[in-house]
Amino acid sequence: MRRFGLVEDANPAAFDRVPDLAIGLPLPVEPTQRERMGRYLDLCSRTENPIPGALFVRDGAEGFGRHPCRGARIVLRAYDEEPLVLLHLTPTGLEGRLSLLTERLNDARRVMQERRRREIEMQALLAERSRLLAHLEEDAQARQRAEAERDAVLSKLYRAGQDERRRLARDLHDHAGQQLVTLTFGLRKIASRLSCPTAIHEVEQLLRHTQDIGQSLRRVTLELRPAALEEFGLVTALRSLVEEWNRVTEIVTEFQIVGQEGDLPLETAVTLYRLAQEALTNVAKHAGPGVAVSVVLRFSALQVTLTIDDNGGGFKADEALTSHLVSQGKLGLLGMRERLSLVDGTLKIESAPGQGTSIVARVYRSPEARGDA
């Protein structure tokens, strides 16, 4: 509409709100409000920002009604670019509140639907999580059962191996050893009856060979079944092992006992003894010239620790991993670790090229002691 109130155009909603509205005629406002309406339209024609206001317009035969509105300046080419006022009649208070409530109700409905959708998705995720946890728990239990069965089988195999070692050692000592003794006495008897120097020399050579075989047989018997271990305990057996190994290899070796010696199960003592055998054998094979070895057996209230150190060539620390040991065929170190696990023990290998190797075997005296440690 124009600044002085002449209506230039209107939409159907305006005709619904103001039945007496007519194009080309002034807006049917209450006569006492015409001057106020003129000032309001003049103010709206100066700005493009909507200005709120209120007009008292005729609502048909019922008289005049108050209509909240917003007005702003507008320029249209169809009207010779003359500034007009775009007037927007807002709904009445009741209609506005109903519209606002309806809009809020729709928003609340959308929020509830979105919340319900998310709840359904969350329930599906929780159900999937529960299924995964159940599968994981079943897998963990199956793995624990498999590991327990494997440990039981390995323990039986280890005990069977030790029994077989003892049987072989006993058979070698009782049969082959006795036969060697009989052969030695027979050769000596033959030598005493000979008069030919050449024959006597040959018999003496046979005696020396027989004695060498006897020493080798005793060494193998001790390796299979160290009698000192069963009769005198781990300390005496280890000391004897280290002294014999030092004599054979001529490698500088130190043996120490720390703490008060205590009783150990025979299976645990045998495991530590076999580990020392394997470690010393590896030193003799791989440590190189000029190496020195330290063997320390430490007793405490909770555990027994066997440490074997050497200052040889060493190797990379990651080569002590189980996967690498298997791929490289280093089953001796892997066997150490498995044997210790069967007696509730652990094995730690520390090494670096040019810095030697340290092998630490730790055996707990009871499961309670392991938990306390």
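I began with glutamate 350, which is partly exposed because its relative accessible area is 39%; here buried means under 20% relative accessible area, exposed over 50%, and partly exposed in between, with a 1.4 Å probe and protein chains only. I note that this is a predicted model, in which local features need pLDDT of at least 70, side-chain atom pairs count only at pLDDT 80 or more, and totals for chains, interfaces and linings use all residues. Residues are numbered from 1 along each chain as its sequence is written, and side-chain values use heavy atoms, with hydrogens and water left out.

**Around glutamate 350**

I located glutamate 350 in strand β7, residues 345-351; helices (H or I, at least four residues) and strands (E, at least two) are DSSP runs, numbered from the N terminus. Leaving aside residues up to four places away in sequence, I found that glutamate 350 touches Gly356, Thr357 and Ser358, where contact means heavy atoms within 4.5 Å. I also looked up phenylalanine 315, which is 35 residues from glutamate 350 along the chain, and the C-alpha atoms of the two are separated by 9.0 Å.

**Salt bridges**

How many salt bridges does a search of the whole structure find? The search gives twelve, a salt bridge being a side-chain nitrogen of Lys or Arg within 4 Å of a carboxyl oxygen of Asp or Glu. Side chains of opposite charge can pair when their charged atoms come close.

I looked at glutamate 8 and arginine 2, whose side chains meet in a salt bridge of 2.4 Å, N to O. Glutamate 8 counts as buried because its relative accessible area is 17%, and arginine 2 is buried too, at 15% relative accessibility.

Next I turned to glutamate 119 and arginine 116, whose side chains form a salt bridge of 3.7 Å, N to O. Both residues lie in helix α3 (residues 93-193), three residues apart, which is about one turn of the helix. An α-helix has 3.6 residues a turn, so residues three or four places apart point the same way. Glutamate 119 is partly exposed at 37% relative accessibility, and arginine 116 is partly exposed at 46%.

**Helix α7**

Does the span of helix α7 agree with or depart from what its 21 residues should give? At 1.5 Å a residue, the 21 residues of α7 (residues 266-286) should span 30 Å, and the end C-alpha atoms are 30 Å apart, so the two agree; the expected span is 1.5 Å times one less than the number of residues. I noted that α7 is followed by glycine 288, whose phi is positive, near 95 degrees.

**The second largest cavity**

I counted two cavities of 30 Å³ or more, a cavity being, on a 1 Å grid over the protein atoms alone, a set of points where a 1.4 Å probe fits but cannot get out, with lining residues having an atom within 4 Å of a point. The second largest cavity has a volume of about 40 Å³, taken as the space filled by probe spheres set on the points, which are joined across faces, edges and corners. I listed its lining as Val29, Gln33, Arg36, Met37, Ala54, Leu55 and Phe56. Strand β1 gives the most to this lining, with three residues.

Note on methods:
On a 1 Å grid over the protein atoms alone, a cavity is a set of points where a 1.4 Å probe fits but cannot get out, and a pocket is an open set with protein on both sides within 12 Å along at least five of seven lines; lining residues have an atom within 4 Å of a point.
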